[in-house]
Amino acid sequence: MKDCNRCELKGKQCNDCWFAEAFANLKKDLVKDLVKVVTKLLDSILWVLKKLHIISILVVLVIPMTTQAAQSRHEAIVRRVLRQLPECENSITKVRLLNRQEDFSNRDYYGMDFKLYGQFNFIADEIYIYTKQSPERFKETLVHECGHAVDYATRTDNKLQEKAFGREPFLSVYSRTNSTEDFAETYLFMKNNPRKTIRLARRNKNLKAKFDFITKAIKKCLE
Ligand SMILES: [Zn+2]
């Protein structure tokens, strides 16, 4: 028996203090018991799952299911984007979704961190696109690659293209790479910012030349 602080009784406690201490001890015990019960319960659930081979079933079924779901999400984005770009209908034969960097055919890249996010194969007219990027970036990469498709489908004279592109002002850091990337990045900018495109065209003749060039190319694809 402790001395009671509250009522200053020596060698014994008042009833209030005794109850308070007993209740605190009871709470501690209850929490300990609860943790034990939950741990035991989780152990038992795991044991049952293992016995029924459910864990391996989950690994075999659920992982491909989530991969499949991600695949269809990407396919849905591709369909939606292509619906909005009718000019690409005849210049793209296939959009291939790549889950691994190794599946890209060469070291051409989109992005400044030397990772490949998308690629346009102008011999097969196919777009290769990396799936492990945010939906927003996935969409932008796709539109950028569609820009390459429009460029290659309509390019008759490299000199004409190089006269308009690959020169200041650039609308993104990546467009500085070369005139081809400048075309694709400008195409992406025009699709993302139609109003800004009109404003910028009024203010800068080099940009107007790029926008006019792309508008003509789009028209040519739709003929
Ligand atoms: Zn590119």
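Leaving aside its neighbours within four places in sequence, with which residues is Tyr 187 in contact?

Good morning, colleagues. This is a predicted model, in which local features need pLDDT of at least 70 and side-chain atom pairs count only at pLDDT 80 or more, while totals for chains, interfaces and linings use all residues. Residues are numbered from 1 along each chain as its sequence is written.

The protein has seven helices and three strands; helices (H or I, at least four residues) and strands (E, at least two) are DSSP runs, numbered from the N terminus. Their order from the N terminus is α-α-β-β-β-α-α-α-α-α. Of the 223 residues, 24% are buried, a residue being buried if 20 or more other C-beta atoms, placed from the backbone, lie within 10 Å of its own.

Let us turn to the core. A nonpolar core is a set of buried Ala, Val, Leu, Ile, Met, Phe, Trp, Tyr and Cys residues joined through C-beta atoms within 7 Å. The largest one here has 30 residues, and Ile 127, Ile 129, Cys 146 and Tyr 187 have the most contacts inside it. Strand S3 (126-130), H3, H5 and helix H7 (205-222) each contribute at least two residues to this core.

This brings us back to the opening question. Beyond its neighbours within four places in sequence, Tyr 187 is in contact with Gly 147, Val 150 and Ile 214, where contact requires C-beta atoms, placed from the backbone, to lie within 7 Å.

Next, consider the helix pairs. The axes of helix H3 (residues 135-154) and helix H5 (residues 179-192) come within 8 Å and cross at roughly 120 degrees. Axes are lines fitted to C-alpha atoms, for helices over the stretch in contact, with angles from 0 to 180 degrees between N-to-C directions. H3 and H5 are therefore oblique to each other; angles under 35 degrees count as roughly parallel, over 145 as roughly antiparallel, 65 to 115 as roughly perpendicular and the rest as oblique. On the H3 side the contact includes Val 143, Gly 147 and Val 150, and on the H5 side it includes Phe 183, Tyr 187 and Leu 188.

Helix H6 (residues 194-203) packs against H7 at an angle of about 130 degrees, their axes being 6 Å apart. H6 and H7 are therefore oblique to each other as well. Thr 197, Leu 200 and Ala 201 of H6 meet Leu 207, Lys 208 and Phe 211 of H7.

Thank you for your attention.

Conventions:
A residue is buried if 20 or more other C-beta atoms lie within 10 Å of its own, exposed if 12 or fewer, and partly exposed in between; C-beta atoms are placed from the backbone. Two residues are in contact if their C-beta atoms, placed from the backbone, lie within 7 Å.
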